[in-house]
Amino acid sequence: MTQGPATPAAPAHATVAITVNGRLHHRTVEPRTTLVDFLRETLGLTGSHVGCEHDVCGACAVLLDGDPVRACCIFAVQADGMSVTTVEGLAPERGEFSALQDAFCEAHALQCGYCTPGMLIACHDLLARNPNPDEEAIREAIGGNLCRCTGYQQIVDAVELAAAGKVAVHG
Amino acid sequence: MKAAPFAYMHPESLEQALEALTQHGADAKLIAGGQSLVPMMAIRLTRPACLVDVNRLPELRGITAAGPQHLRTGATTRQRDLQEHLELARLVPLIGAALHWVGHVQTRNRGTVGGSLVHADPAAELPLAALLLNARIHLRSQAMGERTVQASDFFISPMFTATGETECVTAIEWPVWDGPGIACAFEETATRQGDFAIAAAACQLQLDAAGICRRAAVGLGGMAGTPLAFPDLAGKLVGQRVTRAPARDIAEVAVRRTDPGSDLHADPEYRRHLAAVLLTRVLLRAAATAAPALVA
């Protein structure tokens, strides 16, 4: 493994304690490991996707201490002591879906599914803050998430469906 | 791509952070929100040997009054926190008007006010707002101690500011315009909302009860290597009504002083056209907001 540069007298690895989906994990990481790589490769939580890796596409979005952020633009060392919720943490129980996830199924809000974890995080945060968003608020909330399949309309439909509470259970 | 290896330091005080900068000089880079720095590291446009994380320093964060004429924002105050601060929205409305166009919820939750200024992208919104109001930027280092730089002297060229290699931006003091009849407006065109502007225009006006302009500031973003302010042109508005003709005249003169680049999205001629339209529009919109009954 490549070691950190010799100039500054700081250790090449750091120990972090990060709570992910309610469970505390202690791990040793290289400083350059991004939070999304930490989640996927160190913890095996592959729900968060790596898209552009430079702050454009939003596929890696997670909640950090409750707020949506892009996990490709934070290093895991920076999240030491913090709490992360990934797409795996949105469902009430393993094997179930949240109402929003059911609404995504219902409204065909995904095709290839690559953007879906980021979309779900963005929309989950929106509904937590604003249970009855209008279309403009929904489009603003997903403005930082690229989707190349749906044309976004079905995603907007899904959030409206979830907000209206008219979702069949798919999970 | 992944960032090149680096050493990570998370000082527990500003003094420790400044010490790290003194010690490592150009090898070290401060990181706050990381919304510009981390992408640049990921595509290896920059590869600092050492990152000094100032996210957890409480002395760099927060929004407070700085005397009656200024509002102080700590350098690492998140853009989202600025947006949601009611007192800030009342005292320096231009910040909120600018932030409407900055990134997305996910980036504003991390991105900081000081980070945006010191990154100094010529098309970024907060630098334009800071220049327009001529905000005061506080810097600190071990060698020079505390000093302040006016925004008019701060932005030097794309991604280059008056901040020294061993200095840290600690706070920004935003002038508060006092009295009735004050309004601002900010508009831009980008390929999608939240991206950097192809052209941006902003203004802040104060109109008296008769609708006459008493104070004005106008500026453009994305039209040169730094944001641009035009105090002399703004001065020409003072003493008259801000109607379409003078607004258009000022916009036409302002865009002739710009030096916009050319890229995939727009050539210089189109950018000038766009900037003139946007500047005219913000002047009329701010005037209508400041004195709604008086603008025909």
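User: How much area do domain 1 of chain B and domain 2 of chain B bury between them?

Analyst: The size of an interface is often given as the accessible area lost when the parts come together. Here domain 1 and domain 2 of chain B bury about 1,400 Å², 61% of it on carbon and sulfur atoms; the area is taken with a 1.4 Å probe and summed over both parts. In domain 1 of chain B, L14(B), L18(B) and Q35(B) lose the most area to domain 2 of chain B, together 36% of what that side buries. This is a predicted model, where local features need pLDDT of at least 70, side-chain atom pairs count only at pLDDT 80 or more, and totals for chains, interfaces and linings use all residues. Residues are numbered from 1 along each chain as its sequence is written, chains are lettered from A and ligands numbered from 1 in the order written, and side-chain values use heavy atoms, without hydrogens and water.

User: Where do the bounds of these domains lie in chain B?

Analyst: Bounds come from an automatic or database domain assignment. For chain B it gives domain 1 (7–53), domain 2 (58–175) and domain 3 (182–290). The contact (heavy atoms within 4.5 Å) takes 15 residues from domain 1 of chain B and 19 residues from domain 2 of chain B.

User: Which side chains meet in a salt bridge?

Analyst: The term covers a side-chain nitrogen of Lys or Arg within 4 Å of a carboxyl oxygen of Asp or Glu. Between domain 1 and domain 2 of chain B the rule finds one salt bridge. R140(B) and E15(B) meet in a salt bridge at 2.5 Å, N to O.

Note on methods:
Buried area = accessible area lost by both parts, 1.4 Å probe.
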